[in-house]
Amino acid sequence: MATKTSETNTATTTPEKKITVGNASVNEKEMKDSSLHQFFVSALKDIYFAENAIIDALEKMQEAATTEELKDAFEDHQLQTKKHVSRLEKVFKLIDEKPEKKECEAIKGIIKEGEEIIKSTKDGSMTRDAALIIAAQKVEHYEIATYGGLAQLAITMGHDKAADLLEKTLEEEEDTDYTLTEIAETYINFDAEQED
Ligand SMILES: [Fe+2]
Ligand SMILES: [Fe+2]
């Protein structure tokens with residue numbers, strides 16, 4: 001009968017820095033080689049690409065929006081998104097990795113949907129704003145899922161400072177999602193419903 005072998009030999013031989021994760025003290029090199037760490041870094045590169053793409057998308061959505069209120073909301077969130085990019089750069093630094101972008105097909109698809117909304121709705125219409133809000137909320141929900149998961153992983157892996165930064169961004173994405181709902185429900189959806 002085959003017995004499963006476990007890789008326990010590296011911990012005793014490598015004189016690298018130890019870091020404390022929960023109750024366990026693990027070797028830093030060992031952690032960097034782990035599948036979970038590699039996934040964490042890969043997911044950070046994915047959202048780093050996404051945030052940069054979102055900065056450009058918000059610019060186009062701001063120009064296309066009908067109401068000043070929505071234009072302002074997109075402009076405010078574009079400024080926040082620039083902060084999200086620099087926070088991610090800090091996270092990379094904290095875990096001793098280089099900030100690199102990994103092409104993210106998901107965000108490209110969601111952004112493309114927003115571009116199609118601009119093409120298929122009338123300039124100056126409230127229907128455009130109602131549709132743009134939903135497109136923007138799809139972006140926010142993608143970010144909320146990503147930052148929520150990554151913040152939890154960072155906590156699990158003992159990257160507390162990185163977790164704080166990811167949670168700060170998560171809060172701003174959630175606030176933006178809430179603000180967009182408020183804008184839609186205040187009058188935009190009602191006005192859009194009156195249009196031909
Ligand atoms: Fe963001
Ligand atoms: Fe966002």
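Author: Let us begin with a contact between two helices: Phe40, Ala43, Leu44, Ile47, Ile54, Met61 and Ala64 of H3 meet Arg128, Leu132, Ala136, Val139, Thr146, Leu150 and Leu153 of H6. The residues of this contact between H3 and H6 comprise twelve nonpolar, one polar and one charged. Please bear in mind that the model is predicted.

Reader: At what angle do H3 and H6 pack, and how far apart are their axes?

Author: The angle between H3 and H6 is about 160°, and their axes lie 11 Å apart. Angles over 145 degrees count as roughly antiparallel, and H3 is therefore roughly antiparallel to H6. The crossing of H3 and H6 is left-handed.

Reader: Before we continue, how many helices and strands does the protein have, and in what pattern?

Author: The protein has seven helices and two strands. Along the sequence they follow the pattern α-β-β-α-α-α-α-α-α. Of the contacts with a separation of 6 or more, 68% join residues 24 or more positions apart. Buried residues account for 31% of the 196 residues.

Reader: How do H6 and H7 pack?

Author: Helix H6 spans residues 126-156 and helix H7 spans residues 160-194; they pack at an angle of about 160°, with axes 8 Å apart. H6 is therefore roughly antiparallel to H7. The residues of the contact of H6 with H7 divide into 19 nonpolar, seven polar and nine charged. The crossing of H6 and H7 is left-handed.

Reader: Which residues does Ala130 touch, and is Ala130 buried or exposed?

Author: Ala130 belongs to helix H6. Ala130 counts as buried because it has 22 C-beta neighbours inside 10 Å, and the cut-off for a buried residue is 20 or more. Leaving aside residues up to four places away in sequence, Ala130 touches Ala184, Ile188, Asn189 and Ala192. The C-alpha atoms of Ala130 and Ala192 are separated by 6.8 Å, although these residues are 62 residues apart along the chain.

Reader: How far does H4 reach from its first C-alpha to its last?

Author: Helix H4, residues 68-94, has 27 residues and reaches 39 Å between those two atoms. This is close to the 39 Å expected at 1.5 Å a residue.

Reader: Where does Asp96 lie, and is Asp96 buried or exposed?

Author: Asp96 lies in the loop between H4 and helix H5 (105-120). Asp96 counts as exposed because it has 8 C-beta neighbours inside 10 Å, and the cut-off for an exposed residue is 12 or fewer.

Note on methods:
Residues are numbered from 1 along each chain as its sequence is written. Chains are lettered from A and ligands numbered from 1 in the order in which they are written. This is a predicted model: local features need pLDDT of at least 70, side-chain atom pairs count only at pLDDT 80 or more; totals for chains, interfaces and linings use all residues. Helices (H or I, at least four residues) and strands (E, at least two) are DSSP runs, numbered from the N terminus. Two residues are in contact if their C-beta atoms, placed from the backbone, lie within 7 Å. Axes are lines fitted to C-alpha atoms, for helices over the stretch in contact, and angles run from 0 to 180 degrees between N-to-C directions. Angles under 35 degrees count as roughly parallel, over 145 as roughly antiparallel, 65 to 115 as roughly perpendicular and the rest as oblique. A crossing is left-handed if the near helix is turned anticlockwise from the far one by less than a right angle, and right-handed if clockwise. Ala, Val, Leu, Ile, Met, Phe, Trp, Tyr, Cys and Pro count as nonpolar, Asp, Glu, Lys and Arg as charged, and the others, Gly among them, as polar. The expected span of a helix is 1.5 Å times one less than its number of residues.
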